[in-house]
Amino acid sequence: MQFSKFGQKFTQKSGILQLMDDLGNALASDQPINMLGGGNPAKIAAVNENYQRVLEKIVAENQAIDSIANYSTPQGDSVFIQTLADFFRAEYGWDVQPENIALTNGSQNAFFYLFNLFGGEFDSGNKKILLPLAPEYIGYADAHISGSHFLAVRPEIERVQHNNQAGFFKYRVDFDALAQLPEWERGEIGAICCSRPTNPTGNVLTDKEMAQLDALAQKHGVPLIIDNAYGAPFPNIIHTDNTLIWHDNIVLCFSLSKIGLPSARTGIVLANKEIIKAISSLNAIINLSPTRFGAAIATPMLQDGSLKDLSDNVIRPFYAEQAEYAISLLQQEFKDYPLAIHQPEGAIFLWLWFENLPISTNELYEILKQRGTLIIPSELFFVGLDTADYRHAHECIRMSIAGDKTVLQQGISTIGEVVRGLYDQ
Ligand code: PLP
């Protein structure tokens, strides 16, 4: 069968397809698999009990059927949008109207829209999305209709301590390299985008770095897209002091996935009214209207404060504890070996750097997969960078910390055994 160029582009082997296939197959498998690979959120009993309670209530009071039995406008469920606008005004003092918010089928859906709105072919030529700090979220990599779409610069690597212990590092934005990109002069950058906290590294760009990115975007007249899938106020898996910023030039994206509702496929975009209108138009053509089920669950929980309470008091501490537990296991496994861990500042992953590993982590991924442990190799995350002569991009892995303690123990023990063997050869 012959597919169009669009068809060929979207049916080729992509990193995100491999990732989601591995995830789905592992969840459906009857073989024991140590799933340290995907981005599924943890099953947290106290959180799920709340969803159970809310589900029972919205079923009993008919809102559940009402939400699944009726389309919303292409902008999304109007009650949820109004509730969100009220919440953002009260919580952050931003001047948010319902016209500043659109819903999408997961935030992945929103990124597809945004990257194709601000990147790609313009009358003046092609524009790219600038990712100021590689590595970045693997799911951005293929979300454009044509052309090469992303531009990134190598991070600065700073050796740091975590809880007074050595063996950690933190990526920093190289602002000199960013400012000197020739693409600015040529008008070839359409937007800046960063995830904060960052998937895959757990890095949280500092408030100062965010202020600099904000200024850079304004200077060049392009929007700053902030992917807040793991950030405040929900799920709030963020362990550093941080301020959330928003104004007319910032597109702030939220998701209900990492609070434990990934299959409700609900993304939230907060942006200026022109962008929200564009997203509604895209929704109409691509989805008719976005799903309302996530909205039906989240609306009462936003109204009674339980969503924020769960995020602050259950979800965030849960992942903080998982991160420390996984770090203690890794430190035992790699006592005399060159493992460096990215400072765990948020999100649901640890990013491990095996400096001078004799094989690439693509090859390591295959060996670990044979041994029943899934991780994600680093190369795919360096979206927008040529990694051919960049060794660091082939020396890291991302591991999820969302699994239960047995999965962490067994998975980390397998990684330890295999990687130590490679260094010992
Ligand atoms: N952004 C980041 C940084 C992510 O990690 C993910 C999912 O893992 C997404 C966006 C997309 O999530 P969803 O489409 O479920 O909202």
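## A buried glutamate

E183 has its place in helix α8, which covers residues 182–185. The model described here is a predicted one, and in this model E183 is buried, because its relative accessible area is 12% and a residue counts as buried under 20%. When its neighbours within four places in sequence are left aside, E183 is in contact with L151, E188 and I189.

The chain is divided into domain 1, made of residues 5–47 + 309–424, and domain 2, made of residues 70–304. The centres of these two domains, taken over C-alpha atoms, are separated by 23 Å, and the contact takes 48 residues from domain 1 and 53 residues from domain 2.

In soluble globular proteins, nonpolar side chains tend to be buried together. In this model the largest nonpolar core has 136 residues, and those with the most contacts inside it are I101, I225, L350, F354, L364 and M399. Helix α12, which runs over residues 306–333, gives the largest share of this core, namely 9 residues. Because domain 1 and domain 2 both give residues to the core, it lies between them.

One of the residues named above, L350, shows what such contacts look like in detail. Leaving aside its neighbours within four places in sequence, L350 is in contact with A323, A326, I327, L330, I341, P344, I397, R398, M399 and I401.

## A nonpolar patch on the surface

Which residues form a nonpolar patch on the surface? The patch is formed by F6, F10 and I145, which together have about 260 Å² of accessible area. F6 is found in helix α1, covering residues 5–11, and with a relative accessible area of 45% F6 is partly exposed.

## Backbone details in the loops

Two cis peptide bonds can be described here, beginning with the bond from A134 to P135, whose omega is near 0°; P135 lies in the loop between β4 (125–131) and β5 (150–152). A cis peptide bond also joins A232 and P233, with omega of about -5°, and P233 is found in the loop between β9 (224–227) and β10 (250–255).

The loop between β9 and β10 also holds N236, which has a positive phi of about 60° although it is not a glycine. N236 is buried, with a relative accessible area of 7%. R265, a residue other than glycine, has a positive phi near 45° and lies in the loop between β10 and β11 (266–270); R265 is partly exposed, with a relative accessible area of 34%.

Conventions. Residues numbered from 1 in each chain as written. Predicted model: local features only at pLDDT ≥ 70, side-chain atom pairs only at ≥ 80, totals over all residues. Heavy atoms only, no water. Core = buried A, V, L, I, M, F, W, Y, C linked by side-chain atoms within 4.5 Å. Buried < 20%, exposed > 50% of the residue type's maximum accessible area, 1.4 Å probe, protein only. Helix = DSSP H or I, 4+ residues; strand = E, 2+ residues; numbered from the N terminus. Domains from an automatic or database assignment. Contact = heavy atoms within 4.5 Å. Patch = residues over 30% accessible without salt bridge, like charges linked within 9 Å, V, L, I, M, F, W, Y side chains within 5 Å. Areas by Shrake-Rupley, 256 points an atom, 1.4 Å probe, with all protein chains shown as cover. Salt bridge = Lys/Arg side-chain N within 4 Å of Asp/Glu carboxyl O.
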